[in-house]
Amino acid sequence: MAKMGAVVDFYPERTYGTAFKLINNFFPARLKHYQATHYEKINQQTKSKSIDYLFVIRGYMMPETFLKAFRTNHPDAKLIMYQWDSDRTNPFSHLLPLFDKAFSFDFEDCKNHPSIQYLPLFYTNDVVSAIKNKNEAAYDFFFMGWFFPERYQSVLRFVQYAKENNYRLKAFLYMPFTTYIKYKLKRESLDRSIVSLKHMNRKEYLENLANSKVMVDVSNPNQTGLAMRVIESLASHTKVLTNNRRLLDDKKIYDPTKIAFFDEKNPMVQESFLNKYDFNGTAIVLPLSEWLALIFKRGE
């Protein structure tokens, strides 16, 4: 946004220190008050500034009082929301009347709330570096995502499927340390060859994406939108194998030569989909600059 000429003040939707982690994991009943205090500090820091737009991306546990106070302090400002999370996991629909425009990546939320405009996520310029001749790919399949139990079981089944069919698979699940501790206390086993307590860095992620024919997407059951890895895969000319059949609702992005579906309980993929390379013509997903231009388009 700054490169496009805007003067930007950035405020995170929450703090990222130890206090938040302790409250979130061990004192969740206090989290609402903690977040309200966080947003009140933002209001105090911005009330004397001249602001044209408030652009909220998700806005974790944002209280109505924050938006109402902001509107009072900045009556001429336009309030815009973008949601990369669903209303089921991060309730926000009660805030919609307080915004001038709202966008979401989630198909179901857009269907349930007509005031929300559907807009999938974007890709950044560094993803273009992951465009590579897939005939030289080191992996047939690549999976990278956050750990949650259903996804972990799906990935385990896909690992077994890949072994049985001599496919080359790179699988990586990030597990926060607090989740790992909970698993250890329950004495539940984990396959540490695919579960890591450290994030995969951006450079390594893009290298793996460039060296893979297909990105495997096991979607979050509480969301219906397209994950960032789906957008980045298509931008990098990497095919997508997903269990999220709601992708069929996106007529601009869905292309059967680039996207296929699978049953996470019984994974299977057609050999022709894996080996035929069909990326030609214009991109079917948006770069960040075009994504922002759509959001801040005047007169809408």
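**Basis of the report**

A residue is called buried when its relative accessible area is under 20%, exposed when it is over 50%, and partly exposed in between, using a 1.4 Å probe and protein chains only. The model is a predicted one, in which local features need pLDDT of at least 70 and side-chain atom pairs count only at pLDDT 80 or more, while totals for chains, interfaces and linings use all residues. Residues are numbered from 1 along each chain as its sequence is written, and side-chain values use heavy atoms, with hydrogens and water left out.

**T224 in a loop**

T224 belongs to the loop that runs between β9 (212-217) and α8 (228-235). Helices (H or I, at least four residues) and strands (E, at least two) are DSSP runs numbered from the N terminus. With a relative accessible area of 16%, T224 is buried.

Contact here means heavy atoms within 4.5 Å. Apart from neighbours within four places in sequence, T224 is in contact with D106, F107, E108, N244 and R246. A polar atom of the T224 side chain lies 3.1 Å from the backbone nitrogen of F107.

**K213 in strand β9**

K213 is located in strand β9 and is buried, its relative accessible area being 16%. The side chains of K213 and N275 are joined by a polar contact of 3.0 Å. Such a contact is a pair of N or O atoms within 3.5 Å; within protein, one must be able to donate a hydrogen and the other to accept it, and residues adjacent in sequence count only if both atoms are side-chain atoms.

Beyond its neighbours within four places in sequence, K213 has contacts that include K134, Y139, D140, R168 and L274.

**Helices α7 and α8**

Helix α7 (residues 202-210) packs against α8 at an angle of about 55°, and their axes are 11 Å apart. Axes are lines fitted to C-alpha atoms, for helices over the stretch in contact, and angles run from 0 to 180 degrees between N-to-C directions. The contact is formed by R202, Y205 and L209 of α7 together with R229, E232 and S233 of α8.

**L31 in helix α2**

L31 is part of helix α2 (residues 31-46) and is buried, with a relative accessible area of 4%. Not counting residues up to four places away in sequence, L31 touches F20, I23, N24, Y60 and M61. The C-alpha atoms of L31 and Y82 are separated by 22 Å, the two residues being 51 residues apart along the chain.
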